[in-house]
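Student: I'd like to learn how to read a fold from its coordinates. Can we go through one together?
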Amino acid sequence: MAEQSTLQNPPPSDRKIRVAVIGASGYTGGEVIRLLLNHPHVELAFLSAERAAGKQVGAVHPWLRNHPRLTGIKLRPLDQLGEVDVAITCLPTGALPERLPQIADRAKYVLNLAGDFRLDNPQERAKHYPASVAHPRADDFLYFVPDLSESLPEGRFINLPGCMAVATVYALYPLFADGLVEPDVVVDAKTGSTGGGRGGSEQPAERSGNFRVHKLHGHRHLPEITQALTHFTGTAPELRFSTHSLDVPRGILISAYSRLKEGVSPLDVKRAYAKAYTGKAFVRVRPSPKAPQDFPMLKAVVGSNIAEVAVSVDGDQCVSIAAIDNLIKGAAGQAVQAMNLALGYTEWTGLSCAAVAP
């Protein structure tokens, strides 16, 4: 049983929430900082990065260096972490488990964006996240999908979904929730270069003007997608999940191919998506898309916390599309959204619904 959260209500209005960003030197950490700088109820109390400790934030993230609230703020080693209300962890896979005791002792609430504690199955966890297998806190982490979970779990430790996983779940959830499709589904996921983090080994010259396979089998988000859809719909899908690398900095586009069960009509599908996402803060279903620009696309979501979703039916063939910004809706925006819910703030506080273009 996870511990009861101590932050079910916001603190007095004259005190801002003290937030720590752990792993603040990566792309996700930088996006968390950027979003929190514009959050009216947040004080950036601590920013950690071991290898960049002592550097000004603007030296590590040049796109943030002109923000007046960052003047003089430096990244610090984790052992200097003091008491905070919320810690948002953006560490590389495998780094959190050994650091968690130190973070848990100083933060009332831990929101984790890494994958270490997402999977329930011990065999899958050992395969994809071995550092977390025997961790005493592993069962304390509760999995939360913004816009899909009915409410934020009442615990101190929240694990948020992976970027390609959450985009796929948004694309397929209505079909399985209403039992409209056969379990066998093919998912083609395409992602921008920031999905590999700042430490990625691919040279820009090799990615520029190119489109290539990333991973055809065995991606670590596959068991997470299966687990999430089974939990939320009661049906275990049989997924074939492949990923490809796009020549763009950020954004994910999911195309999921399924087959409707006998007797299911296009109207049934349309109603399922409307029922699933009407009233959700950040999921937008594209109405009856016909022209290519009507469908979800990166230019409509990059820079925002929006997930665009659409579905097209031809006979018994169904194609579901979802587009998100991998660094916001797929990561940093989820953390801010969950933090707002935990503290009783309006869900979209500090988050944008408008994309950045051209």
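Student: What does the accessible surface of the protein chain come to, and what share belongs to carbon and sulfur atoms?

Tutor: This is a predicted model, so keep in mind that every value here is computed from it. The accessible surface is about 15800 Å², and carbon and sulfur atoms account for 50% of that.

Student: How compact is the protein chain?

Tutor: Start with the inventory: nine helices and 13 strands. The radius of gyration is 20 Å, close to the 21 Å from the globule rule for 358 residues, so the chain is as compact as a globular protein of that length. Its C-alpha trace spans about 60 × 50 × 40 Å along the principal axes. Also, of the contacts between residues at least 6 apart in sequence, 72% join residues at least 24 apart.

Student: Now the sheet. In what order do its six strands come?

Tutor: The general idea: strands of a sheet pair through backbone hydrogen bonds, either parallel or antiparallel. Here the sheet is open, the pairing is parallel, and the order reads β2-β1-β3-β4-β6-β5. The edges are β2 (42-48) and β5 (142-143); each has a single partner strand, so one side of each has no neighbour in the sheet.

Student: How many bridges join β1 to β3?

Tutor: Four, between β1 (residues 17-22) and β3 (residues 84-89), which run parallel.

Student: At what angle do α5 and α9 pack?

Tutor: In general, two packed helices are described by the angle between their axes and the distance between the axes. For α5 (residues 163-177) and α9, that's about 100° and 9 Å. Angles of 65 to 115 degrees count as roughly perpendicular, so α5 is roughly perpendicular to α9. The contact is made by C163, V166 and Y170 from α5, with K329, G330 and Q334 from α9.

Terms used: Residues numbered from 1 in each chain as written. Predicted model: local features only at pLDDT ≥ 70, side-chain atom pairs only at ≥ 80, totals over all residues. Heavy atoms only, no water. Pairing = 2+ DSSP bridges. Helix = DSSP H or I, 4+ residues; strand = E, 2+ residues; numbered from the N terminus. Rg over C-alpha atoms; globule rule 2.2 N^0.38 Å. Contact = heavy atoms within 4.5 Å. Areas by Shrake-Rupley, 256 points an atom, 1.4 Å probe, with all protein chains shown as cover. Axes fitted to C-alpha atoms, helices over the stretch in contact; angles between N-to-C directions. Parallel < 35°, antiparallel > 145°, perpendicular 65-115°, else oblique.
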